[in-house]
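Please look over the sequence and the model shown here before reading the notes on its core and its metal site.

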Amino acid sequence: MEFTELLKFIDLEDQRLKNYYGNYIDEEKRILARTVKLTEELGELCNEVLAANSLQRKQKLDKSDKNNLGEEFADVIITALLLSKSMNIDIQKVLQAKIIKINERYK
Ligand SMILES: [Mg+2]
């Protein structure tokens with residue numbers, strides 16, 4: 001999948017979520033909701049990482065589905081992209097700049 005294809009999906013999902021939840025009076029409420037959602041998804045990812053490494057109680061491990069780990073990574077990425085869209089971040093531009101910055105550490 002190309003990154004631009006992912007960003008097109010984010011635009012579509014952003015519109016679908018706005019249609020579902022309705023338009024807030026101000027964008028701050030949507031930003032707050034998406035920030036909280038990101039922490040929820042990050043918690044779910046942490047849960048799956050613990051399960052994948054058998055670092056949970058047996059009862060939780062028995063209910064664990066190993067297929068959820070990848071899905072939770074996807075949830076974190078999608079939710080972070082939706083939040084960045086709400087905050088008018090040009091994520092492609094900032095990611096490119098960040099990659100350059102990281103690469104320069106190793107020169
Ligand atoms: Mg999730």
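Which residues form the largest nonpolar core? This is a predicted model, in which local features need pLDDT of at least 70 and side-chain atom pairs count only at pLDDT 80 or more, while totals for chains, interfaces and linings use all residues. Residues are numbered from 1 along each chain as its sequence is written, and side-chain values use heavy atoms, with hydrogens and water left out.

**Nonpolar core**
- The largest nonpolar core has six residues, namely Leu6, Leu7, Ile10, Leu81, Leu82 and Ile91, where a core is a set of buried Ala, Val, Leu, Ile, Met, Phe, Trp, Tyr and Cys residues joined through side-chain atoms within 4.5 Å, and buried means under 20% relative accessible area, exposed over 50% and partly exposed in between (1.4 Å probe, protein chains only).
- Helix 1 (3–21) and helix 4 each supply at least two residues of this core, helices being DSSP runs of H or I with at least four residues, numbered from the N terminus.
- Beyond its neighbours within four places in sequence, isoleucine 10 is in contact (heavy atoms within 4.5 Å) with Ile78, Leu81, Leu82 and Lys85.

**Magnesium site**
- Glu41 (OE), Glu44 (OE), Glu72 (OE) and Asp75 (OD) coordinate the magnesium ion at 2.0 to 2.2 Å; donors are N, O and S atoms within 2.8 Å of the metal (3.2 Å for Na, K and Ca), and water is not among the atoms, so sites may look incomplete.
- Because glutamate 72 and aspartate 75 are three residues apart in helix 4 (residues 68–86), they are separated by about one helical turn.
- Glutamate 72 counts as buried at 10% relative accessibility, whereas aspartate 75 is partly exposed at 22%.

**Arginine 34**
- Arginine 34 lies in helix 2 (residues 27–52) and counts as buried at 7% relative accessibility.
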